[in-house]
Amino acid sequence: MKRILTGKLLFVLAAALLLRLALLPLFWHQPLNIVDEQHYNRLALAILERGEFGWKPGKPTAIRPPLYPAFLAGVYKVFGAENYNAVRVIQIFISLLSGILVYSLAKKIFAREDAALLAGGIFLFYPSLVFFNYLILTETLFIFLFLLSLWCLVAAMGMVIREQ
């Protein structure tokens, strides 16, 4: 396997991490102001406390997808219930991994280091994507899993093309 983390990419990742860490105090101990955040938190607590995916005991729900509340429940189990700061820090690192995936995808598709760095840089410094790291919402995890799926698809296509 080729080395993915080049010196230039490491510099971009370090700058992206520093930006996110510099903004983190603005969101430290920030309450859940968005209704969706409150719903995901409530479902995570239900999973953690009762082992159920529902609003009330014995009343399951399908209003929200289950993966993100399960992710939150896992974080809460390790770092304490409703530890939003732990979620935010973990999401910062998930977004950095997403940046690596964007870089890697661009490098596989365009076969150019400069295009890959540009794509990764745009992703890592796009304001909306930076601020989603601090919200208790699905976007950061969804984007990571979506990019990981694309990366696997592109990698599998590369294997198929080489075999022909």
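This tour goes through a predicted model, one selection at a time.

**Stop 1: helix H3**

Select residues 67-79, which form helix H3. H3 has 13 residues. From first C-alpha to last, H3 reaches 18 Å, close to the 18 Å expected at 1.5 Å a residue. Now colour the buried positions of H3: Tyr68, Pro69, Phe71, Leu72, Ala73, Val75 and Tyr76. Then step just past the end of the helix to Gly80. Gly80 takes a positive phi of about 110°.

**Stop 2: H3 against H4**

The crossing of H3 with H4 is right-handed. Show side chains at the contact. H3 contributes Tyr68, Phe71, Leu72, Val75, Tyr76 and Phe79. From H4 come Tyr84, Ala86, Val87, Ile90, Gln91 and Ile94. What is the make-up of this contact: nonpolar, polar or charged? Eleven of its residues are nonpolar, one is polar and none is charged.

**Stop 3: Thr140 in H7**

Thr140 is found in helix H7. Is Thr140 buried or exposed? Its relative accessible area is 4%, so Thr140 is buried. Now show its neighbours. Leaving aside residues up to four places away in sequence, Thr140 touches Gln91, Ile94, Ser95, Ser98, Phe132 and Asn133.

**Stop 4: the Phe pair of H7**

Stay on H7, residues 139-163, and select Phe142 and Phe146. They lie four residues apart, about one turn of the helix. An α-helix has 3.6 residues a turn, so residues three or four places apart point the same way. Next, look at the rings. The structure holds six aromatic pairs. In the pair of Phe142 and Phe146, the ring centres are 5.9 Å apart. Their planes stand at 15°, so the pair is stacked; the cut-off for stacking is under 30 degrees.

How accessible is each ring's residue? Phe142 has 52% relative accessibility and counts as exposed, because the cut-off for exposed is over 50%. Phe146 has a relative accessible area of 45%, so Phe146 is partly exposed.

**Stop 5: an aromatic cluster**

Finally, select Phe27, Phe131 and Tyr134. Which feature links these three residues? Ring pairs join Phe27, Phe131 and Tyr134 into a cluster.

How values were computed. Residues numbered from 1 in each chain as written. Predicted model: local features only at pLDDT ≥ 70, side-chain atom pairs only at ≥ 80, totals over all residues. Heavy atoms only, no water. Axes fitted to C-alpha atoms, helices over the stretch in contact; angles between N-to-C directions. Helix = DSSP H or I, 4+ residues; strand = E, 2+ residues; numbered from the N terminus. Left-handed = near helix turned anticlockwise from the far one by under 90°. Contact = heavy atoms within 4.5 Å. Nonpolar A, V, L, I, M, F, W, Y, C, P; charged D, E, K, R; others polar. Expected span 1.5 Å × (residues − 1). Buried < 20%, exposed > 50% of the residue type's maximum accessible area, 1.4 Å probe, protein only. Phe/Tyr/Trp six-rings, centres within 6.5 Å; stacked < 30°, edge-to-face > 60°.
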